[in-house]
Amino acid sequence: GQMIVMTGLLPLRESIAVFDYPFNVYPSISDVYSRAKCKTTGIFPTPMSCWNQMYMNEAYKIQQGVSCEGGYHVFAKTSELLAKSDLVLTVTISTHTPFEAYADSSNLNLSPDMPKYMWKYLRCVNYVDNKIRDLFSKMANGGLLDRYTVVITGDHTILPSDIRKECSRYSAEHKLFYKVQIKSCPLIIYSPKQGKNIVVREDVYQMDIFPSILYAIGCEDYYWKGMGENLYKPINRERNCLSVSQIEVLSDKIIKKNIFKEYSE
């Protein structure tokens, strides 16, 4: 998920790029800021050895990496460093299975007969929602919302299929609006340049996030445009002559051949 958002490339189909190709040259959102002599920071809930983050920070041109082991302090550290950095990447695992660490940090009242996984998951989501609310409040009070684009997204769906079925049955029985069977990721983009609320109801891809961020921060002239659509403009997949499966093959070749090393200058 981090690679797709930061570089606009897709994961390798049969191996893991951050382990097999960590020394590649990659385009990235943070490279856009580094080229403009701006400070970039990454905040992570795990040690830098996890997912080879130490090397990938360098590959993505993230200048400062901060480890908040345990994850409880990533939002506090984000609030602290926002005013000191031009780009901040914050990774949280607060809503990651098995939903043990953060369920007790929520005061959300839920029925005790709710499926255990569903109960813990919803409390974890509530915990993160509250942290995001607090972060936005601090940014607004500090005048930062006038100059920051904020992207909130996730890297993959949740829950195995048998648990999704159990949660779906419970939701139907209790008339709850809980679309647990839909395999999707959240995507919310706040930009001070946006002017009005935009809701995209068409199916979109994670690869659309990269070009949308470039547009939101006024950097569409960056040498790599990504492989997706700019969600701020009318979506027209027919403009792209490649299918998703062909894009996956192309992205594989770009990473394995380290294509951007030739163009990075």
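In this predicted model, D252 forms a salt bridge with K256, and the closest N and O atoms of the pair are 3.6 Å apart. Both residues belong to helix α9, where a spacing of four residues places them about one turn of the helix from each other. K256 is partly exposed, at a relative accessible area of 42%, whereas D252 is buried, at 4%.

D252 also pairs with R13, here with 3.2 Å between the closest N and O atoms. Through shared partners, R13, D252 and K256 are joined into one network of salt bridges.

The structure holds eight salt bridges, and another of them links R35 to D31, with the closest N and O atoms 2.8 Å apart. About one helical turn separates R35 and D31, because they are four residues apart in helix α3 (residues 29-35).

Turning from charged to nonpolar side chains, a surface patch is formed by I16, F19 and W51, which together have about 320 Å² of accessible area. Of these residues, F19 lies in helix α2 (residues 17-20). F19 counts as partly exposed because its relative accessibility is 43%, a value between the 20% limit for buried residues and the 50% limit for exposed ones.

Key:
Residues numbered from 1 in each chain as written. Predicted model: local features only at pLDDT ≥ 70, side-chain atom pairs only at ≥ 80, totals over all residues. Heavy atoms only, no water. Patch = residues over 30% accessible without salt bridge, like charges linked within 9 Å, V, L, I, M, F, W, Y side chains within 5 Å. Areas by Shrake-Rupley, 256 points an atom, 1.4 Å probe, with all protein chains shown as cover. Salt bridge = Lys/Arg side-chain N within 4 Å of Asp/Glu carboxyl O. Helix = DSSP H or I, 4+ residues; strand = E, 2+ residues; numbered from the N terminus. Buried < 20%, exposed > 50% of the residue type's maximum accessible area, 1.4 Å probe, protein only.
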